[in-house]
Amino acid sequence: MAAKQVAVVGAGIAGLGAARRLAQLGFQVALFEREQSPGGRARPVVREDFTIERAGAIVSSADRALMGWIGELDLPELLPPRPVVSALAHRDRVQVVDSRSLSGIARIPGIRIHQTLGLLRLPRLVARYGNRIDPERPERAASLDDRSLADFGRLYFGARVTRHWMAPLVSRTSLADAREASRVLFLHQYRDGAGGRLGLLRASSQELIDRAACSVPAALGACVANVESRSGGGVRFRVREAERERTAEADAMVLAVPAPEAVALAGAEFSFAERDGLEKVRYTPEISLAVALRRPFHPHPQLIQFPHREGWPLESVLLEPGLEGGRVPVGRGLALLRATGRWSAAYFEAPDETVGKDLVAALGGIFPRIHGAGIFAEVLREKRAVPRFDVGRYRAIASFARVQADRRRRGRRIYFAGDYLMGPGWNAALRSGYRAAADIAEDLG
Ligand SMILES: Cc1cc2nc3c(=O)[nH]c(=O)nc-3n(C[C@H](O)[C@H](O)[C@H](O)COP(=O)(O)OP(=O)(O)OC[C@H]3O[C@@H](n4cnc5c(N)ncnc54)[C@H](O)[C@@H]3O)c2cc1C
């Protein structure tokens with residue numbers, strides 16, 4: 001029997017993961033990417049001899065899907081990750097922290113030892129929530145999605161533990177504001193990865209992306225539009241390439257594109273509830289400033305996070321010293337200053353000069369050496385950098401999952417993948433792709 005054909009739209013991490021997994025399961029896969037190169041929001045930027053990672057530079061040993069993927073793609077030059085020293089800025093001083101153990105949390109500046117005792121309840125609390133805290137099935141947490149991380153943290157563990165440990169833990173990948181983020185986001189990150197060790201991929205993530213894209217037939221510069229279900233099953237769609245436009249068909253399709261793009265390319269296929277669910281997905285914008293340094297500030301990579309302060313622009317700064325074969329030339333350094341989501345939204349349209357001056361001035365308070373240390377600076381902006389998982393988002397995911405289950409039962413063969421369905425970041429995006437592949441295997445296998 002001929003292999004069933006599956007079209008995957010979008011060569012971001014979710015689409016690349018779905019396409020490869022489907023090919024491994026014996027499907028005939030065609031991957032379509034609108035841009036000329038794969039990677040989506042994970043694609044790094046290259047300037048002079050520096051590769052600037054917008055995402056994914058920092059990985060965690062707890063990112064099992066991601067680590068497994070890198071291993072499968074046989075990229076030994078990326079692993080093992082370079083250990084990252086974690087630090088928190090407190091009163092204009094930087095203190096190294098180990099927030100993976102209770103004794104480490106007790107030493108975080110701003111937290112008093114007795115305040116950490118409340119955290120002894122956390123494992124019991126998470127155990128009581130049982131399989132509702134399952135980062136692979138976020139819809140299961142709908143009934144816990146009733147309060148913000150800030151309210152939850154203050155109620156159970158106190159304001160200081162919330163501000164200095166819980167909020168930075170979630171903002172590292174999601175840029176989330178604890179006052180709006182759902183407590184489920186924290187519970188997922190705690191359950192899934194709080195014990196993980198942070199590290200940097202040793203070389204550019206572009207190698208990973210290119211290797212993944214090469215492992216399946218991929219059409220680059222191919223924009224998919226007008227997706228519709230065929231009356232006899234499967235899908236029909238238009239593909240726009242530079243020189244031509246054509247109609248194609250497949251037995252199933254994975255839409256591995258951000259929520260607004262999914263509506264734009266297949267909106268006519270969706271029920272009101274689906275369209276509404278997709279249109280309500282919100283994203284946090286991100287501004288970051290990469291400063292190429294004449295000399296590294298530290299011999300080892302260091303991630304310094306800044307606890308929330310009203311009006312303060314910086315979420316974190318990553319200091320990366322050069323490495324042979326790495327992203328930063330040997331003897332040089334890179335400082336990646338990441339603005340908070342709130343500041344990024346407020347300053348998104350501000351000129352580069354203003355952005356650069358404000359971010360460098362903020363960092364200058366603890367690292368006066370930053371002034372005059374740069375070879376060049378590059379401002380990076382992304383309007384829809386990371387999906388928001390605010391209170392209510394997990395209930396919305398649960399409703400969306402119910403509608404999807406119903407559509408699948410009725411024979412519709414359009415599936416969704418992307419970070420907005422699973423959680424912020426690479427690892428979650430990859431898992432969402434695997435999930436779509438598993439659903440297709442169940443329906444068509
Ligand atoms: C500035 C920034 C910083 C980040 N920091 C981190 C971090 O530190 N850690 C972390 O883990 N994550 C981080 N992330 C998030 C991470 O990059 C994303 O979660 C992940 O890359 C999302 O992958 P995706 O496949 O879901 O979506 P995307 O990467 O958006 O992929 C979607 C793809 O679909 C393509 N597409 C869209 N429409 C069509 C169409 N009609 N036809 C064909 N193709 C189409 C797009 O071109 C794109 O390539 C960051 C993101 C940004 C932007």
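Predicted model: local features only at pLDDT ≥ 70, side-chain atom pairs only at ≥ 80, totals over all residues.

Guide: The chain holds 16 helices and 20 strands. A compact globule of 445 residues would have a radius of gyration near 22 Å, and the chain agrees with this because its own value is 22 Å. The C-alpha trace spans about 65 × 50 × 40 Å along its principal axes. Of the contacts with a separation of 6 or more, 71% are between residues 24 or more positions apart.

Helix H7 covers residues 159-174, and helix H8 covers residues 183-193. Their axes come within 10 Å and cross at roughly 85°. An angle of 65 to 115 degrees counts as roughly perpendicular, so H7 is roughly perpendicular to H8. On the side of H7, the residues that take part in the contact are Met166, Leu169, Val170 and Ser174. They meet Leu185, Phe186 and Gln189 in H8. Sorted by class, this contact has 5 nonpolar residues, 2 polar residues and no charged residues.

Leucine 175 lies in the loop between H7 and H8. Leucine 175 is buried, because 25 other C-beta atoms lie within 10 Å, and the threshold for a buried residue is 20 or more. Leucine 175 has a positive phi, near 60°, and is a residue other than glycine.

Arginine 91 is not a glycine, yet its phi is positive, at about 50°. Arginine 91 is placed in the loop between strand E7 (85-90) and strand E8 (93-96). Arginine 91 counts as exposed because it has 8 C-beta neighbours inside 10 Å, whereas leucine 175 is buried.

Another backbone feature concerns a peptide bond. Most peptide bonds are trans. Leucine 79 and proline 80, however, are joined by a cis peptide bond, with omega about -10°. Proline 80 is found in the loop between helix H2 (64-72) and strand E6 (82-83).

E8 and E7 belong to an open sheet of 7 strands, in the order E8-E7-E16-E17-E18-E15-E19, with mixed pairing. E8 and strand E19 (374-387) stand at the edges with a single partner strand each, so one side of each has no neighbour in the sheet. The twist in this sheet averages 20° from one strand to the next. Strand E15 (residues 283-293) and E19 run antiparallel and are joined by 10 bridges. Leucine 293 has glycine 374 in E19 as its bridge partner.

An open sheet of 3 strands has the order E11-E12-E13, with antiparallel pairing. Its edges are strand E11 (223-229) and strand E13 (245-250); each has a single partner strand, so one side of each is left without a neighbour in the sheet. Neighbouring strands of this sheet are turned by 25° against each other on average, direction ignored. Strand E12 (residues 235-240) runs antiparallel to E13, and 6 bridges join the two. Valine 235 stands opposite alanine 250 in E13.

Methods:
Residues numbered from 1 in each chain as written. Axes fitted to C-alpha atoms, helices over the stretch in contact; angles between N-to-C directions. Helix = DSSP H or I, 4+ residues; strand = E, 2+ residues; numbered from the N terminus. Parallel < 35°, antiparallel > 145°, perpendicular 65-115°, else oblique. Contact = placed C-beta atoms within 7 Å. Nonpolar A, V, L, I, M, F, W, Y, C, P; charged D, E, K, R; others polar. Rg over C-alpha atoms; globule rule 2.2 N^0.38 Å. Pairing = 2+ DSSP bridges. Buried ≥ 20, exposed ≤ 12 C-beta atoms within 10 Å, placed from the backbone.
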